[in-house]
Amino acid sequence: MRSQLTTRPTYRAELAALTIPQAIARRANDCPSDAVIRYKHYGLYKTISWAQYQADIEVFAAGLASIGVKQGDSVSIIGDPGYFWMVADAAVMSLRAISFGIYTTCSQEEIEYQLDVAQAKVVVLENQEYVDKILRLKDGCPRVQNIIVEDTAALFAYTDQRIMSTAQVNELGR
């Protein structure tokens, strides 16, 4: 059920005047227990509230800041749209850095071009499939300082020192 506050006629206009991170923080304050997203995880639906979403953004943003992401830096996200993407995108924007997505269907050349043109400092990846794409790029994309991965189940044999999990970034942000 939606909060009564959010049904006010002027509420949408008030949100529209804010940046995305400001609007998320406002929603988290105004209706903290309302659902921002529901998604399936191992066959069961999980609900994330606005308050939880805001808290996750703040922790991930603090973690990104601790590894050196700052205003104006470029951070790429590659993976299927989902909650991890939402958190990463909003966290990057909350640091006044530049978040940009790369389609999962892009070729190696397209990924390399986009990372190079954007001067990406960090890439946030869904899983090992995209880590492989990044590591196979010519010269290993030296400008990319950190490779952050959500699902690390298949990364046990990787030795690239730039690779870290979203859990590690979150721990740095706590």
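How many helices and strands are there in the protein chain? The chain holds 7 helices and 7 strands, where helices (H or I, at least four residues) and strands (E, at least two) are DSSP runs numbered from the N terminus. Along the sequence, these elements follow the pattern α-α-β-β-α-β-α-β-α-β-α-β-β-α. The model is predicted, so that local features need pLDDT of at least 70 and side-chain atom pairs count only at pLDDT 80 or more, while totals for chains, interfaces and linings use all residues. Residues are numbered from 1 along each chain as its sequence is written, and side-chain values use heavy atoms, with hydrogens and water left out.

The radius of gyration, taken over C-alpha atoms, is 17 Å. Along the principal axes, the C-alpha atoms fill a box of roughly 55 × 35 × 30 Å.

Of the 174 residues, 42% are buried, a term that denotes under 20% relative accessible area, with exposed meaning over 50% and partly exposed in between (1.4 Å probe, protein chains only). Among contacts (heavy atoms within 4.5 Å) with a separation of 6 or more, 58% join residues 24 or more positions apart.

One position illustrates both terms. S76 lies in strand β3, which spans residues 74-78. S76 counts as buried because its relative accessibility is 0%. When residues up to four places away in sequence are not counted, S76 touches F100, I102, L115, V122, V123 and V124.

How values were computed. The radius of gyration is taken over C-alpha atoms; the globule rule is 2.2 Å times the number of residues to the power 0.38.
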